[in-house]
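Colleague: I would like to learn how to read the main features of a protein chain. Please take them one at a time.

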Amino acid sequence: MIILKAVIVEDSRLARNELKELIKAHEYIKLIGEAENVDEGYQLILDTKPDLLFLDINMPEKDGFELLEMLDDVPITIFTTAFDEYAIKSFEYNAFDYLLKPINQKRFSRSIEKVIETTKKELETPISEEKNNDDLKKDVLNLDKQIFIKDGEKCWLVKIKEISLFEIVGNYTRVFFDGNTPLIYKSLAQIEEKLPHEVFFRANRQQIINIHHVKKVVSWFNGKLKIELQSGEEIEISRRQSYMFKEQLSL
């Protein structure tokens, strides 16, 4: 049986207790921790690496969106809020779901059913299959993990498998996915450390490509390769990296 580890980040003790009671009715969800503010929640998530996050949006000092900005790997996120305008805003962040307080039991159950169904599809195995949960996660190479991207007022939660290209732009890195190209204030080296190397390849000093998004590969000048991504971008692979690219793809 697959058990999803969950944490709660919520400043109201009453709301935390309400969520804990609701979680008890769902055998696939195991609560492993709770926090009452963003800083505590950040450390809790780093320490426990949960699959599922119940996140209050409106908290003192720092809000739920700021917590997501702090994380390199964002769990499946269900926002909890007492304010409709925050619930609407959360969709700009591609949150998995949101729950309005006080939380209705049936509405909570529907949200958990969505989580389970999504997890089943991502792991490509029946939820009842007896297999170690950690082994299943390794099988999908962490490509379904999410990262949070903020560029100005626009924000996204993006699965890394949907990203086709990372590209240096001065002190920033441009991220290419689904027609979007936001800039993030992280170096390409920082990003590369956290990517699965089986899928993301350093094409040259400026760019990292997702090999699953490669449409065409052609020979180029001086032993180099040139590739075209499915989204239309053309990338020149350095001569040194071209040899490694051929080896990786068995070309």
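**Reading the chain**

Modeller: The secondary structure of this chain comes to 8 helices and 15 strands. Helices (H or I, at least four residues) and strands (E, at least two) are DSSP runs, numbered from the N terminus. This is a predicted model, in which local features need pLDDT of at least 70, side-chain atom pairs count only at pLDDT 80 or more, and totals for chains, interfaces and linings use all residues. Residues are numbered from 1 along each chain as its sequence is written, and side-chain values use heavy atoms, with hydrogens and water left out.

Colleague: In what order do the 5 strands of the open sheet lie?

Modeller: Two strands pair if DSSP finds at least two bridges between them. Here the order is S2-S1-S3-S4-S5, with parallel pairing. Strand S2 (29-35) and strand S5 (97-100) are the edges, each pairing on one side only.

Colleague: Over how many bridges do strand S3 and strand S4 pair?

Modeller: Strand S3 (residues 52-56) and strand S4 (residues 76-81) pair over 5 bridges, in the parallel sense. Leu-55 has Phe-79 in S4 as its bridge partner.

Colleague: Which strands does helix H2 touch?

Modeller: Contact means heavy atoms within 4.5 Å. Helix H2 (residues 38-48) packs on the sheet and touches S1, S2 and S3.

Colleague: What percentage of the residues in the chain is buried?

Modeller: Buried means under 20% relative accessible area, exposed over 50%, and partly exposed in between (1.4 Å probe, protein chains only). Of the 251 residues in the chain, 43% are buried.

Key:
Axes are lines fitted to C-alpha atoms, for helices over the stretch in contact, and angles run from 0 to 180 degrees between N-to-C directions.
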